Amino acid sequence: MKRKLLLAFAALLLLAAYSPSAYAAGGLPSRERGDGETVIDEDAVPLIEFPTAEITAAAAADENGSAAVALEADQILEAVESVVRGDAVRITVTVTAEAEKVSAALPREALKAVAERTGAELEIVSGVGSLTLPNQAVASIVEKAGGEDVTFQMTRQGAEFGKELLEKVQGAGADVAEDRIRNGSVTEISILSGGRHITSWDGSAAALRLPAGSGGFEPDKGYQVIQVSGDMSRTEHTGRCVMGGGGLCVEISITHLSVFLTLADAVEEVVDGGSIPMVVSPLAARTDGGGMTRLWLAAGLAVIAGALAGAALKRRRKF
């Protein structure tokens, strides 16, 4: 009987450790640096798929190549309830559109519910790119939005735009061959509210996936991404190339938004799936202290294993 109780307790510990409701969004610190330094996060982990509350919105591009959707509050609140029930730890809004510019407007009060009632990540996905924000970043954006709705906007810019932008930044494009820009991609990511740009949040790290371009990108290799901000400062990242829903893309970890130039030609080889460079997923951390949780789990399982071994030894001695 005691042995059965111990085994049941071990099973409960394992379920508690790996149940979806045990995970919550927690941003990991960004390793990005400016002034031309390359970012390689040696401690990062790959993005991991977790249970997700999906919201899909279809849109058609207009004559200017722009597609826009406006989500209803009920759509987001239904996803919030899914998280509250423990069915999901991420809310994903996917905009399906063949467009150069994609916009998704989300009601501010619904976003506030995401921040206040859940610990979920918010992910905006499109063919132009995808942005995954930890919950504390969502809360910060809601606060900055005031009483206005929030629009997430992703724009695929041309190679000439990227080239001209680099020329404006002293030293940013001096060592960048033009074909690396042309064979890569140029993406502008914006968050708008009431006509104002929200370019940053609370400093937590968000995950960004950018289109890889046509320049012979290969999965698991590292590619340079130059981020040019509104004040013409630059930050350099080294991101990992992965296969996404819309094809190859490059993952980086960011703490603010601007224009991103994903350059062709690998700059890092990733061996055996690689530990560098990878994107830090905000879900890699737990807000309840994941390290301590795993420590107590290991200790509990060790005690149970010892008790079972002792019981088995006593049985042998009887015989």
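**Cysteines**

I began with C241, which is buried, with a relative accessible area of 0%. Buried here means under 20% relative accessible area, exposed over 50%, partly exposed in between (1.4 Å probe, protein chains only). I noted that this is a predicted model: local features need pLDDT of at least 70, side-chain atom pairs count only at pLDDT 80 or more, while totals for chains, interfaces and linings use all residues. Residues are numbered from 1 along each chain as its sequence is written, and side-chain values use heavy atoms, with hydrogens and water left out.

How many disulfides are there? I took a disulfide as a pair of cysteine sulfur atoms within 2.5 Å. The count comes to 0 disulfides. For C241, the nearest cysteine sulfur is that of C249, 7.0 Å away. C249 is likewise in no disulfide. I find C249 buried, with a relative accessible area of 8%.

**Strand β12**

Helices (H or I, at least four residues) and strands (E, at least two) are DSSP runs, numbered from the N terminus.

Then I checked the pairing, where two strands pair if DSSP finds at least two bridges between them. β12 runs antiparallel to β13 (residues 234-244), joined by 7 bridges. V228 has R234 of β13 as its bridge partner. The hairpin of β12 and β13 has 5 residues between the strands. In that hairpin, M232 takes a positive phi near 70°. β12 also pairs with β15 (residues 259-262), again antiparallel, over 4 bridges. There I226 stands opposite L261.

**I181**

I looked up I181 in helix α6 (residues 178-182). I181 is buried, at 6% relative accessible area. Contact means heavy atoms within 4.5 Å. Leaving aside neighbours within four places in sequence, I181 is in contact with A159, K163, L166, V176, V186, L261 and L263.

**Helices α3 and α4**

How do α3 and α4 cross? The axes of α3 (residues 108-117) and α4 (residues 135-145) come within 9 Å and cross at roughly 145°. Axes are lines fitted to C-alpha atoms, for helices over the stretch in contact, and angles run from 0 to 180 degrees between N-to-C directions. I logged the crossing as left-handed; that is, the near helix is turned anticlockwise from the far one by less than a right angle, with right-handed meaning clockwise.

From α3, the contact uses R108, L111, K112, V114 and A115. From α4, N135, V138, A139, V142 and A145 take part. By class I get 7 nonpolar, 1 polar and 2 charged residues. Ala, Val, Leu, Ile, Met, Phe, Trp, Tyr, Cys and Pro count as nonpolar, Asp, Glu, Lys and Arg as charged, and the others, Gly among them, as polar.

I also checked S140 of α4. S140 counts as buried at 11% relative accessibility. Beyond its neighbours within four places in sequence, S140 is in contact with W201 and D202.

**Whole chain**

The chain has 7 helices and 15 strands. Of its 319 residues, 48% count as buried. Among contacts between residues at least 6 apart in sequence, 80% join residues at least 24 apart.
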